[in-house]
Amino acid sequence: MHGIAYDPIHDEFSVPQQFGQAILTYRGAANGEEAPIRVIQGPHTQLDAPEHLDVDPVHNEIFMPTRDGSILVFPREGRGDVAPIRVLKGPDTMLRGDAPLAVDPVNNLLIVGGGIGGGQVRLLIFNRTDSGNVKPKAVIGGPKSKLYSFGGPFAVYPQKGEIIVSVRGPGPYAEMSSEEAYVGVWNIKDNGDVPPHWTIGGPHGILRMPRGIALDVKNRNMLVSDKRLNAVLTFHFPEIF
Amino acid sequence: MRRLLLQQRLIAKGRLAIPLALCLAAWLGQTGDFRRDPRLVSLDALPDDSAECDPPLAPASGLLLVAGELPLRNLLLQERLFQNRAAAALAVAANDASQRKPERMIRDPYAAYSAVAVDAAHDEVVLTDENLFNIWIYDRGAKQPPNEKSELKRLIGGLNTKIEFQCGLYIDPANGDIYAVNNDTIDTLVVFSRQAIGDVAPDRELHTPHGTFGITVDEDKQELFLTVQHDNAIVVYNKAAKGTEAPIRVVQGDDTGLADPHAMVLDTKRNLLYVTNHGSSHQVREKGNRRKAGSPGFPLDRDDAVPGTGKIGPPSITVYSKGATGNARPLRTIQGPQTQMNWPTGIAIDEDRNELYIANDGGNSVLVFDASAQGDVAPIRVIKGPASLVSNPTGVFLDKKNNELWVANFGNHTSAVYRPDANGDVAPLRVIRSAPAGQPVPGLGNPHPLAYDSKREQILVPN
């Protein structure tokens, strides 16, 4: 499972279920073997191997990438065999395969990760409501960006337009661990080969294989999981809030 | 999702330590030892967030090491002192927080055993560890004080070993070679000789499909079987396969009943293959000519998934002929509410008694079935309860030579030994512990995404 999204407005969280090709939504206080309150699953969904997702609690939508390089958008309250209400797909989108994504409901943006091969990835920024074969309005990536490979799902902080990304590093053990790994911060106004505005936890820091990012805004903390450390780390990071 | 942990936030004290220490450093223009400063005493209340250092800060690694040890009240005083000077002092700051230390880290310092096997020829027990990424070898019969850590005989671990989230384990009965399956993160089966110790490269590596979990070997035919969770498949290799050698056959298809398959065991007397399944599945169909050149003979994978065909079904044990291939239908299926199965993971067989032992992860139990069972049948024995120490068991091994049943408990830092006919809430005969009894178990296993529940101040961590 490569995605989870907590919806603070409706107090629920959603996860993809890859093997069963489903989106499961639970009440926020779920505990133990509790059934989901909603399940999106079935032939009309177009779900193939759902791994990542994000939820827009303001506009009541769930964003889900697919293996074939499209973004499916479902109604948050969809149940059962529902078709996506929008699909972002096509060569102009530059979308390739399943990738982490994050929706910014304040600035009405959708940020999607994408691979371009050669040890480089990029951040694609779309309008939140884009549909069909649409070019991204901005692309962040390139050698100066140090976007080697996405570690996992990233986060956005709409109030300051920040995109917080875990970046896997290169090296002889890159599959498992790299001292070059770090968490970087970009901005929704960035475009092109832009270096991160902030790096934390690395390079040559504590992180080895950072993955998911979450934000604790109230306490100005950034949370990051690390595969090699098999741990969840909390960094106080007031500068980005 | 293996587990969804709702981690209570352990916040309160110290949450301002790092930024405030940074503020102080900027104000003083130094990175001195604050612990020796007698002025750092205050009983002030927490300030509001606006009092923190909002401008970008320059980290100072030496200071950061100290910051976490400073009492919060001292830091609050320094924040007061800092307020009027911070902005100017930090105007020249950089954006590098690469050396910043985390305020907290949820991490288990002890091994979490995931699979167990006995090397009967050398009287050793081998355990894989999904937390610290080691293979631990102990004397099989070693007796330890009941609540203390066990004494280690050998350890294999480190980046050169390519050991990570290991799940399946097989010991070659002839020479003690250790076959260990990396699940999900490294698509490699690693094989170590009995002499391997420390951070050594595997003696042999085999490139495998993504998401292998269980392993078993047909010693008569010298064939090695691996389950593939992600693809609902079984791949069969020559036992000596290495590198990018292709499987010699694949079991995969709509009729197989494979649904998130985990462990396997062979009944060599009856030529049967038993597979535990967690229950989720989808159809696959080859999409054009996109097969990976470096992966000949691999099963169809997630890129071949047929959209919208997914099912989340009940767990099962599916039974096949040992030589099954292709879209083979199971000969029998054990499945249903009476089975008590809940994430059935590890599996072992007593061919003489015709009994199956299941490590029932989600049910915190070991289930024993008549191996001839079919359909919705109850187990003939269940090991479960606080005295048994069975807790999220993921591995099980039957040591026929010594007539012992071993269980790897992911949930409590133990591997426990029972008589094979144990039933109910029975205490184990012996226990190997990676940690003193009672140590907390975060239960992290391959954490990837995170979410923060701002209402409850909890971290949600799928594993």
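**Exercise 1.** Why is strand E11 (residues 120-127) of chain A described as largely enclosed by the rest of the structure?

*Solution.* The model is predicted.
- Step 1. A residue is called buried if 20 or more other C-beta atoms lie within 10 Å of its own.
- Step 2. In E11(A), 6 of the 8 residues are buried, so the strand is largely enclosed by the rest of the structure.
- Step 3. To find the neighbour of E11(A), look at its pairing: E11(A) and strand E12 (residues 138-141) of chain A are antiparallel and share 4 bridges.
- Step 4. One bridge can be named: Arg122(A) has Gly141(A) of E12(A) as its partner.

**Exercise 2.** Describe the overall form of chain A from its secondary structure, burial and radius of gyration.

*Solution.* 
- Step 1. Chain A has 0 helices and 20 strands.
- Step 2. Of its 241 residues, 58% count as buried.
- Step 3. A compact globule with 241 residues would have a radius of gyration near 18 Å, and the 17 Å of chain A agrees with this.
- Step 4. Along the principal axes, the C-alpha atoms of chain A fill a box of roughly 45 × 40 × 35 Å.
- Step 5. Among contacts in chain A with a separation of 6 or more, 47% are between residues 24 or more positions apart.

**Exercise 3.** Divide chain A into its assigned domains and describe the side of domain 1 that touches domain 2.

*Solution.* 
- Step 1. The domain assignment gives domain 1 as residues 1-89 and domain 2 as residues 91-241 of chain A.
- Step 2. The C-alpha centres of these two domains of chain A are 21 Å apart.
- Step 3. The contact involves 20 residues of domain 1 and 21 residues of domain 2 of chain A.
- Step 4. On the domain 1 side, the elements giving two or more residues are strand E5 (54-56), strand E6 (61-65) and strand E8 (86-88) of chain A.
- Step 5. E8(A) gives the most to this side, with 3 residues.
- Step 6. By residue class, the domain 1 side holds 7 nonpolar, 7 polar and 6 charged residues.

**Exercise 4.** What is the strand order of the open sheet of 4 strands in chain B, and which strands are at its edges?

*Solution.* 
- Step 1. The order is E26-E27-E28-E29, with antiparallel pairing.
- Step 2. Strand E26 (393-399) and strand E29 (430-433) of chain B each pair on one side only, and these are the edge strands.
- Step 3. From one strand to the next, the twist averages 15°.
- Step 4. E26(B) and strand E27 (residues 404-409) of chain B run antiparallel and are joined by 6 bridges.
- Step 5. Among these partners, Pro393(B) is bridged to Asn409(B) in E27(B).

**Exercise 5.** How many residues does each chain bring to the contact between chain A and chain B, and which elements of chain B take part?

*Solution.* 
- Step 1. Chain B brings 59 residues and chain A brings 66 residues.
- Step 2. Elements of chain B that each supply at least two residues to its side include strand E1 (4-8), helix H1 (17-28), strand E2 (96-97) and strand E31 (458-462).
- Step 3. E31(B) has the largest share of this side, 4 residues.
- Step 4. The chain B side consists of 27 nonpolar, 15 polar and 17 charged residues.
- Step 5. Strand pairing also crosses between the chains: strand E17 (residues 198-200) of chain A and E2(B) are parallel, with 2 bridges.
- Step 6. In this pairing, Ala97(B) of E2(B) is opposite Ile200(A).

Note on methods:
Residues are numbered from 1 along each chain as its sequence is written. Chains are lettered from A and ligands numbered from 1 in the order in which they are written. This is a predicted model: local features need pLDDT of at least 70, side-chain atom pairs count only at pLDDT 80 or more; totals for chains, interfaces and linings use all residues. A residue is buried if 20 or more other C-beta atoms lie within 10 Å of its own, exposed if 12 or fewer, and partly exposed in between; C-beta atoms are placed from the backbone. Two strands pair if DSSP finds at least two bridges between them. Axes are lines fitted to C-alpha atoms, for helices over the stretch in contact, and angles run from 0 to 180 degrees between N-to-C directions. Two residues are in contact if their C-beta atoms, placed from the backbone, lie within 7 Å. Ala, Val, Leu, Ile, Met, Phe, Trp, Tyr, Cys and Pro count as nonpolar, Asp, Glu, Lys and Arg as charged, and the others, Gly among them, as polar. Domain bounds come from an automatic or database domain assignment. The radius of gyration is taken over C-alpha atoms; the globule rule is 2.2 Å times the number of residues to the power 0.38.
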